[in-house]
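Me: Hi! Could you walk me through the packing in this one?
Reply: Happy to, let's have a look.

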Amino acid sequence: MKRITTTFDDYIGDYSKVLHHSLLDILIEELADELLVHYLSSVRNKGAKFRRTDPFTEKFKDDILTVFEFFQNLNTRADLANLVTVDFAIIKQKWRVVDKMVRLLEADKAGAVLVYEEFKREYWDLQMNWVEAVLRSRDDFDRSMLSGVKAKAAEVYVERGPETIMSKVK
């Protein structure tokens, strides 16, 4: 994650010299969103397996802290003074979805259904294909866990609202 944020830092430094500050804010927000979408989509990688005995939650925490540090520090960089006015709270709020994913990964088999229900109520546009990919990336995955989540999905009614970041995660 550090390499990615370092690359973003280079891009923002280069573009800050040629972009209007309002476009720079949009670029930063789009970078944050695209990074989040790709981060969440990475569970689809063939090698993505989460062993419940491994401290994978610490890796997620380190990644998020790295991302938060990067985006939070943009408003205080001397070379970007008065150019960047990105609201870090909005970026932070969007990244809270990673906690929901981690909870799906660390829940026991029976608890995955309840975690899914809570996730779906908060993110109405949560895609079942992505949830299935998350569950399949667990080392203790079995079909009954997925069947339970799909059964819950059939009975949970959520009110449609504005699109969330999960609408972009396929």
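**Aromatic pairs and packing**

Me: How many aromatic pairs does a search of the whole structure find?
Reply: The search finds 10 aromatic pairs. Rings of Phe, Tyr and Trp (its six-membered ring) pair if their centres lie within 6.5 Å; planes under 30 degrees apart count as stacked, over 60 as edge-to-face and the rest as tilted. One of them joins tyrosine 39 and phenylalanine 60, edge-to-face at 6.0 Å centre to centre with 85 degrees between the planes.

Me: Before we go on, what should I know about the model?
Reply: It is a predicted model, where local features need pLDDT of at least 70, side-chain atom pairs count only at pLDDT 80 or more, and totals for chains, interfaces and linings use all residues. Residues are numbered from 1 along each chain as its sequence is written, and side-chain values use heavy atoms, with hydrogens and water left out.

Me: Back to that pair: which helices do tyrosine 39 and phenylalanine 60 lie in?
Reply: Tyrosine 39 lies in helix H2 and phenylalanine 60 in helix H3, so the pair ties together parts that are 21 residues apart in sequence. Helices (H or I, at least four residues) are DSSP runs, numbered from the N terminus.

Me: Is phenylalanine 60 buried or exposed?
Reply: Phenylalanine 60 is buried, with a relative accessible area of 7%. Buried means under 20% relative accessible area, exposed over 50%, partly exposed in between (1.4 Å probe, protein chains only). Tyrosine 39 counts as buried too, at 12% relative accessibility.

Me: Which residues do ring pairs link into a cluster?
Reply: That cluster holds Tyr39, Phe50, Phe56, Phe60 and Trp95.

Me: New topic: how many residues has the largest nonpolar core?
Reply: It has 53 residues, and Phe71, Trp95, Val98, Trp130 and Met166 have the most contacts inside it. H2 gives the largest share of this core, 9 residues. A nonpolar core is a set of buried Ala, Val, Leu, Ile, Met, Phe, Trp, Tyr and Cys residues joined through side-chain atoms within 4.5 Å.

Me: What does valine 98 touch?
Reply: Leaving out residues up to four places away in sequence, valine 98 touches Leu36, Tyr39, Leu40, Phe60 and Ile64. Contact means heavy atoms within 4.5 Å.

Me: Last one: at what angle do H1 and H2 pack?
Reply: The angle is about 165 degrees, with the axes 11 Å apart. That makes H1 roughly antiparallel to H2, a label for angles over 145 degrees. Axes are lines fitted to C-alpha atoms, for helices over the stretch in contact, and angles run from 0 to 180 degrees between N-to-C directions. Ile4, Phe8, Ile12 and Tyr15 in H1 meet Leu24, Leu27, Ile28, Leu31 and Leu35 in H2.

How values were computed: Helix = DSSP H or I, 4+ residues; strand = E, 2+ residues; numbered from the N terminus. Parallel < 35°, antiparallel > 145°, perpendicular 65-115°, else oblique.
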